[in-house]
Structure formats: C-alpha cells, structure tokens
Amino acid sequence: MATEGTPVKYPNRWIQLVLGIVCMATVANLQYGWTLFVSPMQDKWGWSRTAIQLAFTIFIFFETWLVPVEGWAADKWGPGPVIMFGAVFAALGWVLNSYASSLTALYIAAVISGLGAGAVYGTAVGQAVKWFPDKRGLAAGATAAGFGAGAAFTVIPVANMINASGYQQAFFVFGIGQGIVIAICSFFMPKAKLDPSIKAVPRLITSKMDFTPTEIMRQPVFWLIYLCFVGVGSGGIMATASFGPVARDYGIARIPVTLLGVTLPLLTMAMSIDNVCNGATRPLCGYISDRVGRENTMLVVFGMEGVSLLGLVFYGRDPLGFMIFAAMTFAFWGEIFSLFPSMCADTFGAKNAAGNAGTLYTAKGTSSLLVPFAAGMSAGGNWDRVFILSACIAFTCSFLAFFVLKPWRRRFIQENNATIEARGAGASTAWKPA
C-alpha cells in the first residue's frame with residue numbers, strides 16, 4: 001500500500017492490451033480454423049455436412065451464451081482466473097475433437113471448446129474497454145483483431161498438418177499448444193486499475209451511469225443494438241463456417257494460387273487473406289468510430305458487407321472473384337467486434353463492461369443458429385440464396401443503425417447523465433429504475 005506522498009504505480013495498460021491480443025490470436029483457430037476440418041471429417045466418417053456444422057453451431061452457442069457469466073466473473077475476481085479457465089477448456093475441447101469417432105463426442109467437444117473460447121474472448125474485450133476509456137474503439141478493435149487475424153498465422157501450418165498427418169493430429173497438437181500459450185498469459189493479467197487522469201474522449205457522448213448485465217436487458221435500446229449485432233453477425237458467421245464447403249462446391253478449392261512468390265491451394269490462400277482482412281478492419285473501424293461516431297461508421301461498413309455478399313453471388317465462381325469478395329466479406333463483417341463492445345461501454349458504463357459486453361456478445365450465438373439453416377439452403381451447391389438473404393439483412397441493419405439507433409441511443413445517454421447530475425456530486429452512479 002502506497003504511503004502518503006508516494007506516487008501510485010498503475011499497471012502498464014499497453015502491456016495488458018498486448019496480452020489480451022495474444023490470448024485472442026491463440027484461441028482464434030477454434031472458430032476460424034474450423035472450416036478446414038469439415039471436409040476431412042466428412043470424408044473419414046461419412047457424416048453429413050449439416051451434422052458436422054451442427055458442432056460449429058454448438059461451439060458458437062456455448063462460446064457466446066455463457067460469456068455474460070464469464071464476464072461477470074472477470075469483473076468480480078479479475079481476468080487471470082477466467083483466462084486460465086479458458087486455456088484449459090480450449091485445449092481440452094480440441095484434444096477431444098482429435099479422438100471423436102461419433103457425432104455425440106464431436107458435439108461434447110464443441111461444448112467444451114466453446115466454453116474455453118468464450119472465457120478468453122469475453123474477458124479480453126471487456127478488459128480492453130476498461131483500460132482504454134479514451135480509445136475504446138481502437139482498444140476493442142485491436143483486441144478483437146487478435147481473434148480475427150490470429151488464425152492467419154496458423155491456417156497454413158494447420159492445413160499442412162491436416163494434409164500430412166490427418167485432421168486428428170492437427171486437432172491434438174494445436175489444441176495443446178494453444179492452451180499453453182493462453183495459460184502463460186493469464187498469470188500476468190490483473191484487474192484494471194487506471195490512472196484517474198485518463199478520461200473518455202469528449203467528442204463521444206458516453207454514459208455516466210453504470211448498468212449491470214441484468215439491468216441492460218430491461219432497456220429497449222439494448223435490444224435494438226442486439227438486433228443489429230445479430231443481423232450483421234449472421235452473414236459473417238455463415239461465411240466463416242461455410243467458405244470451405246463453398247469453394248469445394250464451386251470446384252475451386254484446390255486450384256493453385258501464387259501470391260508474393262508463395263503457391264498454395266486457393267482455399268488455403270483465401271483463408272489466410274480473409275483472416276488478415278477480418279483482423280485489420282477491427283482496430284481501423286474502431287479508431288474511425290472513436291472520431292466520427294459508432295453509428296456513422298456502421299452505416300458505411302454494414303452497407304459494404306451487403307455489397308461484398310452480393311459480389312459473391314455474381315463473381316464467386318471465378319477464382320479471383322471468390323478471393324476478392326470473400327476477403328471483403330470478412331473485412332466488413334469483422335469490425336462488429338470492435339464497434340459493438342465500444343458502443344455497449346459508451347451506452348451502459350464501464351464499471352461492468354466485461355459482463356455487459358458478454359451479454360451483448362450472445363448475439364453472436366443467436367447468429368450461429370442460422371449456420372445449419374444455411375447448409376440446408378445451399379443443398380446442391382446453391383449458395384446464391386444464402387448470400388442474397390445475408391446481404392439484404394446487412395443493408396437493413398445499416399439503415400437501422402444510422403436512422404433509428406443513433407438518435408435513440410443519444411437521447412438515452414443524455415437522459416441518464418442528466419439524472420446523475422441531478423443526484424449531485426458523490427452520489428452513486430448505479431442505475432435505479434425511474
């Protein structure tokens with residue numbers, strides 16, 4: 001405990017940001033590497049594609065729907081124990097995948113790995129918005145970029161190991177390695193303790209009132225935010241799970257592609273590029289939204305997501321067209337994981353940011369329920385219906401965010417801030433029903 005006159009030492013928040021990014025990059029394969037395993041499992045066991053993709057839906061469901069609990073635990077006890085929990089379960093889930101010889105075992109492994117990924121994701125993003133009230137969009141985006149782009153560094157070795165040693169060996173080796181890296185990081189991640197001189201940027205309207213996860217669910221504005229998250233997330237989730245089968249159905253998955261002197265099968269090359277694009281837009285759009293506003297940014301990027309999906313309809317069967325519009329789809333989808341956590345902290349306060357962001361993050365789980373639906377719609381290789389539906393939803397969310405959510409959210413924050421000011425200095429900032 002510091003004595004009077006002794007300067008208080010605060011943890012270096014940039015180191016905490018880096019640790020969160022490393023954890024996210026390491027756990028990213030659980031989602032973004034999945035599509036590489038779908039066809040090998042189908043070939044080995046003869047399971048239907050829809051049955052295999054149900055495991056992905058289960059993974060996303062448990063990755064997202066328990067994040068509010070994991071975020072609450074991180075708010076209460078600090079990120080370290082929750083990240084360690086995530087490390088153990090992320091490793092165990094993939095190890096079980098390597099031994100799964102039945103769909104039941106595959107689904108159980110999906111539950112376990114989903115719990116692990118969710119613990120890491122929800123905690124890392126929640127801590128980022130706490131450490132950086134002055135750069136929430138950038139910090140949340142950089143952290144989410146680890147999850148979006150992390151798989152870009154491992155997709156090639158994973159694909160190579162699948163081809164050389166089989167998908168089961170790849171599950172086992174990378175599962176153990178991922179768990180070890182995340183566990184090491186967890187020992188160096190304390191509760192957020194911020195220098196009081198660091199304040200939120202004045203150009204963005206932010207809440208002075210702190211809501212808990214159960215309280216935000218009583219606010220109608222939360223459900224509009226949630227609806228937009230589900231809408232835009234659905235197209236990206238379906239793309240993440242399905243681009244491997246899409247490329248295979250189009251007959252272009254194994255076409256050799258050379259880029260910067262490196263020759264790879266088209267699907268492997270495209271996935272590497274996709275994950276880089278997915279990660280790059282997260283901090284970029286977060287940074288932009290810190291300056292021009294969350295909904296203004298959403299208007300543009302959600303609209304471009306719709307354009308990208310329509311591009312796959314018209315040009316996706318051409319190898320170059322597939323690579324370009326797949327990359328654009330990932331680029332303009334990934335930024336939701338910086339924009340929405342930042343918006344959540346701006347709207348409902350930073351004190352319970354991990355739990356609140358986790359509650360909002362369940363929207364990703366809701367989106368995942370459409371993955372088996374997409375697999376059914378694409379029967380016979382007809383993916384156009386999937387892409388057109390997703391594009392229409394993205395365009396709708398673009399207009400909702402700008403024309404409905406923007407004025408509603410501003411009014412909500414201003415009214416709550418006025419309530420805090422009316423209570424007077426030193427009063428509790430916790431939400432109280434009107």
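So, the crossing of α16 and α17 is right-handed, meaning the near helix is turned clockwise from the far one by less than a right angle. Helices here are DSSP runs of H or I, at least four residues, numbered from the N terminus.

Before I go on: this is a predicted model, where local features need pLDDT of at least 70 and side-chain atom pairs count only at pLDDT 80 or more, while totals for chains, interfaces and linings use all residues. Residues are numbered from 1 along each chain as its sequence is written, and side-chain values use heavy atoms, with hydrogens and water left out.

Back to our pair. Residues 336–348 form α16 and residues 353–368 form α17, and they pack at about 140° with axes 9 Å apart. Axes are lines fitted to C-alpha atoms over the stretch in contact, with angles from 0 to 180 degrees between N-to-C directions. That makes α16 oblique to α17, oblique being whatever is left after under 35 degrees (roughly parallel), over 145 (roughly antiparallel) and 65 to 115 (roughly perpendicular).

Who's touching? From α16, Phe337, Phe340, Cys344 and Phe348 meet Asn356, Ala357, Leu360, Tyr361 and Lys364 of α17, contact being heavy atoms within 4.5 Å.

Next pair: α5 (67–77) and α6 (79–99), whose axes come within 7 Å and cross at roughly 140°. Glu70, Ala73, Ala74 and Trp77 of α5 make the contact with Pro79, Pro81, Val82 and Phe85 of α6.

Last stop, methionine 209, in the loop between α10 (167–186) and α11 (213–216). Methionine 209 counts as buried because its relative accessibility is 1%, and the cut-off is under 20% relative accessible area, with a 1.4 Å probe and protein chains only.

Notes
Helix = DSSP H or I, 4+ residues; strand = E, 2+ residues; numbered from the N terminus. Buried < 20%, exposed > 50% of the residue type's maximum accessible area, 1.4 Å probe, protein only.
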